[in-house]
Amino acid sequence: MWKKLEKKGVTMEIQSNLQLYDTIINSLRDKFKDRQGIHLSDLIFCLGPDTKVLRDNLTWDTISNLKIGDGLIGIEEYPRKPVARRRMCQTFVTDYKTYNLPSFKLKFSNGQEITTSADHLWLCFTPSKQMRTWRRTDKLQIGSVMSHLCEPWEFMNNWAGGYLAGAYDGEGSSYKGIVTFSQKENPMYHMVKDLLDILDISYYINKSMKDCIVLQVSGVDNAMRLIGSIQARRLISRKSLWLDKEPRKARNHPEVRLVSKEAIGQKLLVSIETTSHTFNAEGFWTHNCLRKAYFRKMLESPPATDEQLMLFAT
């Protein structure tokens, strides 16, 4: 561990418990604020405080309500193999801070809007749409196809939600991102079917089972929206619906593109870090905000050159 950091005119004591993290960031910001090409916000990926994030109990909450230790749904930072698809994972908040930073307002083809810092990373499709890669907000092009799971849903705190929760907790199951409800053709079957139609959740009717009809909700986005909105506790607790699954959307869901990007000046933003370095914001897969892990790695191995030190600021 360094005892002192003396590079580019910055000198300070370094403690092993990282209590001087903010001091280092502020000192570097003051030192390099007038330098061209220096972006300290590379360390501080942030989102607007009202941005909704997906918790691991399939509910949505604003990022400003998160606490260290909260469980979220993330995605693998990088695929397991070069041609493999990323899989969803459980992730936990390890750091939370707020900053005033230059910000952008992003608008998407599905009508959603997000306030974000210039250097925040988003998972996007490459032009061929065969692969996905991380891109900074200020590098996104109008028309960029985003890696988008779903739009946030609301908890159905009403009779219909309670009826569906009881039906799926009693007669439902989940397997490989599919949710099924099995029942004989009786009033309960017709009620569940009618409620799915009202919620605009697509399903298939499978009559291959003897004396039983299966309503099959396919597409991880459809299945997660159904179980999350009714909060069917048994299926939620198993996490088998999404854990280690590819985030494949239903076929009838259109791709989501960036339609506008507007610089809106300094805004109060929230920065979090997670164990997977990823999470889902407003349905979009995004990189975690505060890269304390990289800072810690640099402390353990002091940079040999000024250029390496500039990783703090570029």
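Let's start in a hairpin of this predicted model, where F284 of strand β17 has A281 as its bridge partner. The two strands involved, β16 (residues 278-281) and β17, run antiparallel and are joined by 4 bridges. Between them sit 2 residues, and E282 in this hairpin takes a positive phi near 55°. Strand β17 (residues 284-287) is covered on both faces: F284 and T286 are buried on one side, W285 and H287 on the other.

Now over to helix α4, which spans residues 220-230 and has 10 of its 11 residues buried. Among the buried ones are V220, M224, L226, I227 and I230. Just after this helix, Q231 takes a positive phi of about 55°.

| Residue | Where | Phi |
|---|---|---|
| E282 | hairpin of β16 and β17 | near 55° |
| Q231 | just after α4 | about 55° |

What about the nonpolar cores? The largest has 42 residues, and L58, Y168, M224, L226, I227 and I230 touch the most other members. Several elements supply at least two residues each, including β5 (71-75), β8 (121-125), α2 (159-171) and α5 (233-238). Helix α4 gives the largest share of this core, with 6 residues.

Which residues does Y168 touch, leaving out those up to four places away in sequence? The list includes V179, F181, V192 and L196, and also L226, I227 and I230. R234 and L235 are on the list of Y168 contacts too.

Definitions and conventions. Residues are numbered from 1 along each chain as its sequence is written. This is a predicted model: local features need pLDDT of at least 70, side-chain atom pairs count only at pLDDT 80 or more; totals for chains, interfaces and linings use all residues. Side-chain values use heavy atoms; hydrogens and water are left out. Buried means under 20% relative accessible area, exposed over 50%, partly exposed in between (1.4 Å probe, protein chains only). Two strands pair if DSSP finds at least two bridges between them. A nonpolar core is a set of buried Ala, Val, Leu, Ile, Met, Phe, Trp, Tyr and Cys residues joined through side-chain atoms within 4.5 Å. Contact means heavy atoms within 4.5 Å.
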